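Dear colleague,

Please find below the structure that I am handing over to you. My notes on it follow directly after.

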Amino acid sequence: MANKPFAITLKPGTSLANLTGSWRSARPVYLNRLPPCNNACPAGENIQGWLFHAESGDYEQAWRVLVRDNPLPAVMGRVCYHPCETSCNRGQLDEAVGINSVERFLGDEANKRGWKFDAPAAATGKKVLVVGAGPSGLSAAYHLARMGHQVEIQEAGPLAGGMMRFGIPKYRLPREVLDAEVQRILDLGVTLKLNTKVEHIEQSMKDGGFDAAFLAVGAHIGKRAMIPAGDAAHIVDAVSVLRSMEGEDKPMLGRKVVVYGGGNTAIDVARSVKRMGGEPIIVYRRTRDRAPAHDFEIEEALQEGVLIKWLSTIKQAEVGEITVEKMELDEKGFPQPTGEFEKLEADSVVLALGQDVDLSLLEGVSGLEIKDGTVQVAPNMMTGHDGIFAGGDMVPSERTVTVGVGHGKKAARNIDAWLRDITYAPEPKHEIATFDKLNPWYYSDADKTVRPMLDMIRRQTSFDEVQGGLDETNALFEARRCLSCGNCFECDNCYGVCPDNAVIKLGPGKGFEFNYDYCKGCGICEAECPCGSIKMVPEDI
Amino acid sequence: MSFQPVKFYQTGTYTVGNRLLGPDERSVQSGELRSNSINSGHRACQGCGEALGARYAIDAAMAESNNQLIAVNATGCLEVFSTPYPESSWQLPWIHSLFGNAAAVATGVAAALKVKGKTEVRVVAQGGDGGTTDIGFGCLSGMFERNDDVLYICYDNEAYMNTGVQRSSATPPTARTATTMPVGKEPGNVFGQGKNVPEIAMAHGIPYVATATVADLRDLEYKVRKAMKMHGARYIHIFVPCPLGWGSASHDTIKLARLAKETGTFPVFEAEHGEVTSVLKIRKKQPIEEYLKPQKRFAHLFGKHAHPEMVEHLQAIADRNIRKYGLLDEEKAHG
Amino acid sequence: MLKQIEGSKAVAEAIALCRPEVICAYPISPQTHIVEALGEMVKSEELAPCEFINVESEFAAMSVAIGSSAAGARSYTATASQGLLFMVEAVYNAAGLGLPIVMTVANRAIGAPINIWNDHSDSLSQRDSGWMQLFAETNQEAVDLHIQAFKLAEELSMPIMVCMDGFILTHAFERVDIPTQEQVDGYLPPFDPRQSLDPKEPISIGAMVGPEAFMEVKYLAHAKQMQALELIPQLAAEFKQQFGRDSGGLVRTYRADDAETMIVAMGSVLGTVKDTVDELREQGHKIGVLGIISYRPFPLQEVRAALVNCKRFVVLEKSLAVGMGGIVATDVRMAVSGTGLKGFTAIAGLGGRNITKASLHKLFLEAEQEKLEPVTFLDLDWDVVNKQLEREKQNRHSGPIAENILYDKGMSTSAAKFG
Ligand SMILES: Cc1cc2nc3c(=O)[nH]c(=O)nc-3n(C[C@H](O)[C@H](O)[C@H](O)COP(=O)(O)OP(=O)(O)OC[C@H]3O[C@@H](n4cnc5c(N)ncnc54)[C@H](O)[C@@H]3O)c2cc1C
Ligand SMILES: Cc1ncc(C[n+]2csc(CCOP(=O)(O)OP(=O)(O)O)c2C)c(N)n1
Ligand code: SF4
Ligand code: SF4
Ligand SMILES: [Mg+2]
């Protein structure tokens, strides 16, 4: 420069000497916000986290992130009621991301390709007894095993799975899918003792030398309703019907089968009856919109030819016939009798009115609190008795597979802490990435992928799976519909839109850093971050 | 569509980058090795659209020319905030001569390069709307008419910002500036005939004319790169919001550019040899108020002494653009 | 080679011999023949490689030259009068950026009233622009000064105007010795710019400079011109060696040795002045001549040295500082300040008014007798002037001056209604 004209000619790029960061009154910071889907997932899955890997086609990594929280993706992808999708931000843009279908795709990929879990941590020498091989017990066993504990599951029934096997029909959950995921858990070194009913928990713990126990015996005792019935009237409960579907001898229900109740179990029974050649009629007290069953399940049942009598109660059951009374809703929405009666043909009546928990194994255990037929647990999932934890349908909560899995995970973490004589402190929850934190402009328009459905004739006549899965291309598409709420997905917007080049790109997978020497605090990066991963915080000046 | 958007869900080509795209599909701006033609430390206001637009455009031109680029700059904010002695932000050979002669100086540079046989080195001229549509207009038109091998880029922030926000021939009707105050019967800038320099450029029949905004980076880069592949006189008019002059929040710079396009008030198109060859369609049409309201220069149109008739008039101008350039897809237009 | 040739054509040939790489042109009389001739040479590839650019204005012409010079090409343009004024902003800019552009100014009056004839007001209006200004006395000198100008400009990285009187020189057919290409190549090396726009070494040219450094920048431009005071005689000496001719330099005296009265002038009028002086010398008057070649930088010392031994001097100039008097005279007086010399200013030849030997004769004799007013307007028609002054005194709406004068001079019949 010395030989160049003084002052008029300048060296390139020398403005670096001017630190414009001093102009700033607010600074941008990167943060992770909690995606609403993650927040809504009862199993605490890091949905956005695994979708991130699925987006790039790295399905194995996606699966590995998924199973950190839930060992049953192929099952979940079929039976979970996916509250994640209900709260998905994309729902406010066009339609929610098909999280559940991608999850199923990943689970099926894992089964197809034989992916195994990562090896468990070093053995701790502690022994934990898990009672019941339903989803909650399996989940607890899985997590405990990965933490290095020695786990034994004692299961009363002849096969693992709990209600996943003896409740949920095959056409929704093919058994080989369940078997594969159960086996993968057992491959971690979990011992499964079948046909082993725990009669008394403290005794079983003592006998096996267990340091702690997790109880997940579910709720299997069908609730009865007082129906005046003739001696010969054929009345059975739904759970037994569904259980017997799994056995050699199919239940003998006759042609005309009345199913009493409006929940998912009623629907499952009715649809199973249809598949066995029967003619199911559901009788339910209230209206469709008030039925506890999910509407999509009602819809599928109706499509398959299941008849439903809304606003009706059974007054009398006789051989071959029942009497129903029509109801009407009062101002409060409660059904009230009208005095109008009707007769229906019925070879049998199946009661699907909910289940109670069999608590006999807890008799005599000190410190327990039982309320409304369920075992009360503390926030750490421990019962009132030290070292005995419980979860799933037997504790007060929503009764779903996913909740059960979530309980299993949470219990496992607390059991682990309890065994180590420490308290498990979950990481503080991030603030939620609500829709208003996003800049939706940047997302491509893309409607949800519709999963294929089995053709109607086969749906009515076979137990083949009704809903199909996604293939690789549409699973990728679906994964890429994710908005990555609250979590940087390296779209480079902040890096690009900064008028002061004050964002440093650290390279693929490494994210970005602000260069506060030059950041003037204009806030464009925050405004243009699609996923709400930047926040402006005032400088204290 | 003026450029081929990547058919790709998630963010496709709307965002600056996209980790899922192949290296050859990525934007210049997303690259760790982009040239940052204007270095950090420049003295533009917080959120300056012109600083951003210039880096977008010049980085793209650098990429396309293999860094064999010389820039000529008119007087204006861009020049003042980038080269106050003793520091320069520019990382490429750059010259500032005067307010109204950037196009001619660039012609001179191009002539020198030609005579010296340095065919690989290319020239861009750049200036604000004042330096382009007003005082530099004669030189610009001359450069066009001779079809000199220059890419001229106008950064349009719709007023003389550097001198404290006075009106230029690119200032929109009703807008408040220091010389068109919101007082009297017709507050703000007058409804004149306007001066559409992109169309005037087209009337010269030059090889390439395009408009772009800082809200559509991929489109902008595509246009700069395309222009750089051509020879002869080329003109790109980039819409760059100015928080200071418009009275808008510094973080709204890109949003306002996006709204200018989505309302139709700033049509984004390209033309070759005087004929429009493509337009960037409106994606989600917005009423003009959405664009006007965040800007204090239009504040007098709303509130206590509102001027709904003027807002309507501005809407009509936007609608005319939509019709004239076909900015809406047929089905959206009817829907 | 000796040629009978029009001044413009001769200059064009000289320019071509200097191998300019970019020429920008915008027509204005009396410069047109120069650029037309160059345009033809470029078209016919007689002058190659060279880009000839027909711009849309003088402002663009200078701007293009700024660009091409900054990018390392030897750049040339020519203009006059209104054209020079139209490019003023760029003229200053070229100097400020230190770009060695060479520009011919075919000196012409400035309007209004519009007038295409010769005087020096155009280039003198750019006195402080930072450009050097060399004035040619003859077409031979115009040719030679252009060749020296490129060398001088590039040596200092400063622009130069070579000034030649419009029509009087540009359109005159004379015998001129046009040098050969080898001669010029031997004198003028290829352009090696001090700095240039080049991706290999990216620099930012044209920064905004505040109070902290602006004075220094301006002083440095001044210092450059001070260096030119040494360089100009040196280049003239080298020129003589190469071409065998005395041409250029800062000043030139004629019959000055024992002169008691000195006539100071610039440009072609020196010919008439010398003829008149010859006649007066024959009549025994001790009178001599000082021709100024380098108006900028102004050679104070050389002027002083040339005048210090006389008793009085007249600055005969084709320019007028309205409201003040002489322009060149001011500088000359500055050069002799403290000597007690008596100095007169004679404004002559504005807008092409003929400067006759008879008038000069009279003027010089009066000067010798020190009977001159400090500022004299040669051959001014006092009758017309006084009439108009009177008219204006009586009537506020006295009408357009030029029209009235034409009427008074009997050249127009339509204009007198304002009288
Ligand atoms: C028909 C039907 C359909 C359903 N569909 C869905 C659905 O689509 N999606 C959904 O999320 N949820 C569904 N559910 C609910 C879901 O199946 C349960 O909430 C879930 O299975 C509860 O899991 P769990 O582990 O707590 O208990 P369970 O799944 O009931 O498992 C308990 C296990 O413990 C065993 N056991 C019991 N007592 C003992 C003992 N003393 N010793 C040893 N072992 C014992 C049982 O044999 C059983 O295997 C459905 C339920 C029914 C009945
Ligand atoms: C010949 C001349 N007239 C006026 C100015 C003062 N001036 C400097 S920058 C400027 C306004 C620039 O406006 P624009 O070109 O729109 O650029 P912006 O600053 O808005 O980016 C003006 C009027 C000048 N430098 N030169
Ligand atoms: S868009 Fe993605 S991260 Fe956001 S809620 Fe839906 S699935 Fe979760
Ligand atoms: S006044 Fe406007 S154009 Fe100028 S630096 Fe500030 S924001 Fe940018
Ligand atoms: Mg502007």
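In which segment of chain A does A:Ala7 lie? A:Ala7 belongs to the segment before strand 1 (9–10) of chain A. Please bear in mind that this is a predicted model.

With a relative accessible area of 4%, A:Ala7 is buried, because residues under 20% are classed in this way. The residues that A:Ala7 touches, leaving aside those up to four places away in sequence, are B:Tyr85, C:Ala207, C:Val209, C:Ala213 and C:Val217. Between the C-alpha atoms of A:Ala7 and A:Ile415, which are 408 residues apart along the chain, the separation is 73 Å.

I then turned to the interface of chain B and chain A. The size of an interface is often given as the accessible area lost when the parts come together. Here the area buried between chain B and chain A is about 4500 Å², and carbon and sulfur atoms give 52% of it. Chain B contributes 52 residues to the contact and chain A contributes 52 residues.

Across this interface there are 3 salt bridges. B:Arg19 forms a salt bridge with A:Glu55, with 2.7 Å between the closest N and O atoms.

On the side of chain B that touches chain A, helix 1 (49–64) and helix 9 (253–263) of chain B each supply at least two residues. Helix 9 of chain B gives the most, with 6 residues. The residues of that side of chain B comprise 17 nonpolar, 23 polar and 12 charged.

Yours sincerely

Conventions:
Residues are numbered from 1 along each chain as its sequence is written. Chains are lettered from A and ligands numbered from 1 in the order in which they are written. This is a predicted model: local features need pLDDT of at least 70, side-chain atom pairs count only at pLDDT 80 or more; totals for chains, interfaces and linings use all residues. Side-chain values use heavy atoms; hydrogens and water are left out. Helices (H or I, at least four residues) and strands (E, at least two) are DSSP runs, numbered from the N terminus. Buried means under 20% relative accessible area, exposed over 50%, partly exposed in between (1.4 Å probe, protein chains only). Contact means heavy atoms within 4.5 Å. Buried area is the accessible area (1.4 Å probe) that two parts lose on being put together, summed over both. A salt bridge is a side-chain nitrogen of Lys or Arg within 4 Å of a carboxyl oxygen of Asp or Glu. Ala, Val, Leu, Ile, Met, Phe, Trp, Tyr, Cys and Pro count as nonpolar, Asp, Glu, Lys and Arg as charged, and the others, Gly among them, as polar.
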